[in-house]
Amino acid sequence: MNKKNISWTLRIVIALLFIVSAIAKISKGWISDFPFIDFSPYFAISTFEVKQLLTLGFSESLAPYFSRILIGIEFALGFLMLSNHFLKRITIPATVGLLSVFIIHLSYVTFLSGGNSGNCGCFGELIPMTPIEAIIKNIIAVGLLIWLWKISENDKKSNIWMLTSITLSCILGLFMLAPMKASSTSISNSND
């Protein structure tokens, strides 16, 4: 296999990893052995927020924004991995950076919990993974990305608008797919 074929194989594998992870977080999972038939983004994202983000200490007001932005970035990185715009200068380093943050977070959670139990939430409820399994998966992905960075040619004629358009479209798409619901606080009027 030549470098170009290896490069595209690695790009497709990493892209699928991120796209499937994002889809899994907005889907309730497998129903009747048919994937994603029970597609309820709001419910799935709310579950992700409660099981993952609130337990990390995110406030109830910040978690909905963070979850949608994070999932949107996962979608964007998956699509950008298949794009030739700023692949070597921005997309690969950003992907390595995000995976490194996940590795540090999962290592911290594993250290604090004193074990390897529970679902890390990397693939929602679709593919339950323990924190140790997720750390190994992320380390392998970082290794593949470093290899991809080394064999990739320098970026030519990259368009920053393509990069930003894909990223913003993915993030805004998540906000449209699973709009945030208004808070249910009641305001009482006192009649003096």
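Me: Why is phenylalanine 75 called buried?

Reply: Its relative accessibility is 12%, and buried means under 20% relative accessible area, with exposed over 50% and partly exposed in between (1.4 Å probe, protein chains only). So phenylalanine 75 counts as buried. A word on the background: this is a predicted model, where local features need pLDDT of at least 70, side-chain atom pairs count only at pLDDT 80 or more, and totals for chains, interfaces and linings use all residues. Residues are numbered from 1 along each chain as its sequence is written, and side-chain values use heavy atoms, leaving out hydrogens and water.

Me: What makes phenylalanine 79 partly exposed?

Reply: Phenylalanine 79 has a relative accessible area of 37%, which falls between the 20% and 50% limits.

Me: How many aromatic pairs are there?

Reply: The count comes to 2. Rings of Phe, Tyr and Trp (its six-membered ring) pair if their centres lie within 6.5 Å; planes under 30 degrees apart count as stacked, over 60 as edge-to-face and the rest as tilted.

Me: Why is the pair of tyrosine 65 and phenylalanine 175 called tilted?

Reply: The centres of tyrosine 65 and phenylalanine 175 are 6.2 Å apart and the planes are 40 degrees apart. Tyrosine 65 is in helix 3 and phenylalanine 175 in helix 6, 110 residues apart, so the pair links distant parts of the chain. Helices here are DSSP runs (H or I, at least four residues), numbered from the N terminus.

Me: And what makes phenylalanine 75 and phenylalanine 79 a stacked pair?

Reply: Their ring centres are 6.1 Å apart and their planes are at 10 degrees, so the pair is stacked. Phenylalanine 75 and phenylalanine 79 are 4 residues apart in helix 3, separated by about one helical turn.

Me: How do you know that the buried residues of helix 6 line one face?

Reply: Leu163, Ile166, Cys170, Ile171 and Leu174 are buried in helix 6. Seen down the helix axis, these residues fall within an arc of 115 degrees, so they line one face; the arc is that of the directions from the axis to the C-beta atoms. The face turned away from the buried side carries the exposed residues Trp161, Leu168, Leu172 and Met176.

Me: What makes lysine 88 count as sitting over the ring of tryptophan 149?

Reply: The charged end of lysine 88 is 4.8 Å from the ring centre. The rule asks for NZ of Lys or CZ of Arg within 6 Å of the centre and within 35 degrees of the ring normal.

How values were computed. Helix = DSSP H or I, 4+ residues; strand = E, 2+ residues; numbered from the N terminus.
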